[in-house]
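Please open the structure in your viewer and keep the selection panel at hand. The stops below go from the whole chain to single residues.

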Amino acid sequence: MLDLGGGTGKVIAIHFFNETAMNWTYVDHCPAMAAEFRRNLHGHPLGRGSQIVVDDMNRALGQLEAHSYDVVMLSLVLSSMPEPPDFGALRRLLRPGGSLIVTDINPGYTRDKPLHKVWVDGAVVALRTTPVDPFEVIRQASMAGLRVAEQKTIGDASIYYSFLLVFTLD
Ligand SMILES: C[S@@+](CC[C@H](N)C(=O)[O-])C[C@H]1O[C@@H](n2cnc3c(N)ncnc32)[C@H](O)[C@@H]1O
């Protein structure tokens, strides 16, 4: 598993913390996030099969071994990036039969509320989010030789909250 922009691990990786036979490569450019991920993973079996890379994925992707991941995951990451990564570089990392999973926020919501605000030590800080158009993701992935294997929206209110796309090698 290649968990790009893995954050604290409390949304995705946590579900696999007790796996004993899984290799988990985590990449995040934020040292504080990686430190929190390490703390959360500490003492769990997945830690034995994990590699933590603290670097910008745009640099890290080229240094990872080609065709060696069953799953490459971008969960709520494209909306945290000013520009999307090179989908050709993502494709290169997938094993035959592997999947690229992209999940992100409804771009309408991000466009209306670009600032994701949180309180830190008594002050409000904000992450400026980028709207991620699922059709644009599909277009870029297709140009890189990936095709949609599955797609769904998440959230049952009148407006969907987020979307999920699964790509496989074309
Ligand atoms: C909203 S968090 C999502 C974390 C996790 N994937 C999840 O689903 O909970 C976005 C993460 O992407 C990381 N990130 C953003 N741009 C990045 C980049 N260019 N390279 C590596 N990590 C990046 C951020 O540091 C942050 O931890």
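The tour begins with the whole chain, then turns to the ligand, the nonpolar core and the strand pairing.

This is a predicted model, in which local features need pLDDT of at least 70 and side-chain atom pairs count only at pLDDT 80 or more, while totals for chains, interfaces and linings use all residues. Residues are numbered from 1 along each chain as its sequence is written.

**The whole chain.** Followed from the N terminus, their order is β-β-α-β-α-β-α-β-α-β-β-α-β-β. The C-alpha atoms fill a box of roughly 45 × 40 × 30 Å along the principal axes.

**The ligand.** Next select the ligand and the 18 residues around it, of which Gly5, Gly7, Val11, Cys30 and Ser75 come nearest; a residue counts as near if its C-beta atom, placed from the backbone, lies within 6 Å. Both β2 (24–28) and α2 (57–60) supply at least two residues of this shell.

**The nonpolar core.** Now select Leu4, Val72, Leu93 and Leu100, which touch the most other members of the largest nonpolar core, a set of 32 residues. Such a core consists of buried Ala, Val, Leu, Ile, Met, Phe, Trp, Tyr and Cys residues joined through C-beta atoms within 7 Å, and buried means that 20 or more other C-beta atoms, placed from the backbone, lie within 10 Å of the residue's own. Among the elements giving two or more residues to this core are β1 (2–4), β4 (69–75) and β5 (94–105), and β5 gives the most, with four residues.

Stay on Leu4: which residues is Leu4 in contact with, leaving aside its neighbours within four places in sequence? They are Val27, Met57, Val72, Met73, Leu74 and Val77, where contact means C-beta atoms, placed from the backbone, within 7 Å.

**The strand pairing.** Finally, show β1 and β4, which run parallel and are joined by three bridges; strands pair if DSSP finds at least two bridges between them. Leu2 has Val72 in β4 as its bridge partner. On moving to β4 and β5, you will find parallel pairing over six bridges, with Tyr69 standing opposite Leu94 in β5.

Conventions. A residue is buried if 20 or more other C-beta atoms lie within 10 Å of its own, exposed if 12 or fewer, and partly exposed in between; C-beta atoms are placed from the backbone. Two residues are in contact if their C-beta atoms, placed from the backbone, lie within 7 Å.
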